[in-house]
Each structure stands twice: as C-alpha cells, then as structure tokens.
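Here's a quick briefing to read alongside the coordinates. Have the viewer open and follow along.

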Amino acid sequence: METIHTIEWMKQIAHEARTQERILGLVPTMGALHEGHVSLIRAAQRECAPVVVSLFVNPKQFGPAEDLSKYPRTLEADRAALEALGVDYLFAPSPQEMYPPDFRTSVVVEGLSDRLEGGSRPGHFRGVTTVVLKLFEIVQPRFAYFGRKDAQQARLIRQMSTDLNLDTGVVVCPIIREADGLALSSRNVYLNGEDRRAAAAVPRSLAAVRDEIAKGERDTARLLAALRDVISAEPRVALDYADIVDNETLETIASLRGTSYVLLAAKVGDTRLIDNALIELDGDSFRVTI
Ligand code: AMP
C-alpha cells in the first residue's frame, strides 16, 4: 500500500488509473478505523480496483465547541489495518494541504443540510460536502462508499452528486453494530464503563420503534413516543432530537408511507451519538432495518 500525502501525487495516481480504464473506488474516513469502515472497504474491493481510503479529520465539519482537538487519531494503527486489508492507496493529506490559508469556497446542499444533524451542528454539513467534493475532484472515483450510519450525510452527498453532475456513484452500505446493538463509531472510545452500558439504549430505542411497527402502529408521533420512553428510562442518555422523516426530502412525516428513516441523536455523558433505522414498505407491511 502506498501512503499519499499530497494532492498533486494523488491526482497523478488517479489520472493513471483512469487512463487505464480501471474502476477506482474511494472510501472517505476520518480514521480511528473500526469494523464499520472495514465493511465499506470490503464493499469497495468487491466492485473496484484500485481502492483508495482517505483519512482526513476535516476541521471544517467541527463546530468551535466540538471535539476536533481530541478526536481519536491513530494513523499508524490505521495504516497497518489498511495494509492488512489489501487497500491500494491511503490518501492522508494535512489540513494545510487541503485548506491553504487563502481557501474561500464552500459547497452547501440547500435545505437538506440545515435540519436534524444540521440543526444541532450549524455548518457541519457545509464542511462535509465541501471536503467530499474536494476528495471527489482529487481522486475522481468511479464509486465512493458511505455508511448508512450517517444517513443524512449520505442523502446530502447523493444530492450534491446529482446536482453537480459528478461522475462518482454514491454507494451506501449497512450499519455495523456491536453485540448490544451500539453502532460502531470512532467516538465510542470516549464512552467509559457506565456510559458504554447506557449507550445501548440508543439502538434499543430504535428496536422499540420496530416492535411498535410490527404491532401495526403507523402514527409517527406514537412511534417516537415509544422511542422516547426507552431513552428517558436511561438517565445517562439525553435525547437531542428524534424524528421520522421521508428518505428523500428528510421532512417529518405524520404516518408511515414509502421509505423513511427514524433518526436520532443523543448525548451519553459528553459523547454525542447518532443512529437511525431504515423503514421500507414491504407489501402491505413495513420492514425496519436497524
Ligand atoms: P467517519 O470516519 O466517522 O467519518 O466515517 C467514515 C465513513 O464510515 C462514513 O461514511 C460513515 O457513515 C461510515 N461509518 C461509520 N460508522 C459506521 C458503522 N458503524 N457502520 C457502517 N458505516 C459506518
């Protein structure tokens, strides 16, 4: 595996892959790799060669009071893991390389980026779409792989790709979870013993929604009440938001129809967790994928 730190060299490699008509796949990450990332890499390797994994803790997607400085950075362990997985290139630019002092441009997906996560984290998605467009331009991947763990982010990136006629196909992969249901996240290392135990209430609240749907409930206010009951029974977990939204518009729906997401964010101690379940119409019932 070759590690690349400069944009110029990454562009050169990508250009060579394209002229050889190879199908280049990109997996964008912020590092501190876990099995969720690995699942995206494996998906990319099934469909693409070469595979580029980018590792960049993007300062523009962190708010001033957020965890940029303490975000886990484990470059050497990540590099070894990627090497063992057979990844072709690790693209790990510095913040100065990505954002020189006179950097001025940003990309905003209007509307979709200012609610839910965007409501709680103003400017977050502006940072995400800006860095992802830069990565797409630098790496020019045929396909890029994202996790449904960040469902709103994936929806925004797909919109950006359509709106800007990008040549990159956006692939969204399932959520990888711990045995107790907690979605894997680089931030899970912040959770100490009691908080780690309490965090399982987050996926449990999604399971409560699934159970109510299985019993025939279709009213989203009542489904969300079931979710809130689980969260409020766990005093260490504070709900930030929970909503059931149309998968395309990300707008709240009053009763289940078509495809939707139940999305939530919650704080466990100082650690902010997000999670979601996908709800799809399946004949005359609904299938819930957590
Ligand atoms: P991050 O390094 O947290 O920015 O995540 C990089 C990519 O991995 C994003 O597309 C995430 O949605 C995805 N990802 C993170 N956690 C998981 C997970 N538990 N399962 C599947 N994908 C994930």
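What follows covers the ligand shell, the strands beside it and a few side chains elsewhere.

This is a predicted model, so local features need pLDDT of at least 70 and side-chain atom pairs count only at pLDDT 80 or more, while totals for chains, interfaces and linings use all residues. Residues are numbered from 1 along each chain as its sequence is written, and side-chain values use heavy atoms, with hydrogens and water left out.

**Around the ligand**

- The shell around the ligand holds 17 residues, and M30, H37, D150, I176 and L184 come nearest; a residue is near if one of its heavy atoms lies within 4 Å.
- By type, the shell splits into nine nonpolar, six polar and two charged residues. Here Ala, Val, Leu, Ile, Met, Phe, Trp, Tyr, Cys and Pro count as nonpolar, Asp, Glu, Lys and Arg as charged, and the others, Gly among them, as polar.
- H37 puts a side-chain N or O atom 2.8 Å from an oxygen atom of the ligand.
- On its own the ligand exposes 480 Å², and the protein buries 92% of that (areas by the Shrake-Rupley method with a 1.4 Å probe).
- Elements giving two or more residues to the shell are β2 (25–29), α2 (35–47) and β5 (143–147). Helices (H or I, at least four residues) and strands (E, at least two) are DSSP runs, numbered from the N terminus.
- The largest share of the shell, three residues, comes from α2.

- Buried means under 20% relative accessible area, exposed over 50%, and partly exposed in between, with a 1.4 Å probe and protein chains only.
- In a regular strand the side chains alternate between the two faces of the sheet. In β2, G25, V27 and T29 point one way and L26 and P28 the other, and all are buried.
- β2 runs parallel to strand β3 (residues 51–55), with five bridges joining them; two strands pair if DSSP finds at least two bridges between them. P28 stands opposite S54 of β3.
- β2 also pairs with β5, again in the parallel sense, over two bridges. L26 has A144 as its bridge partner in β5.
- Together, β2, α2 and β3 make a right-handed β-α-β unit: with the strands pointing away from the viewer, the path from the first strand over the helix to the second runs clockwise.

- D67 is in the loop between β3 and α3 (75–85) and is buried at 12% relative accessible area. The D67 side chain makes a polar contact of 2.8 Å with that of R187 and one of 2.9 Å with that of Y190. A polar contact is a pair of N or O atoms within 3.5 Å; within protein, one must be able to donate a hydrogen and the other to accept it, and residues adjacent in sequence count only if both atoms are side-chain atoms.
- D275 belongs to strand β9 (residues 271–282) and is buried, with a relative accessible area of 3%.
- E97 lies in helix α4 (residues 95–98) and is partly exposed, at 28%. The C-alpha atoms of E97 and M10 are separated by 12 Å, although the two residues are 87 apart along the chain.
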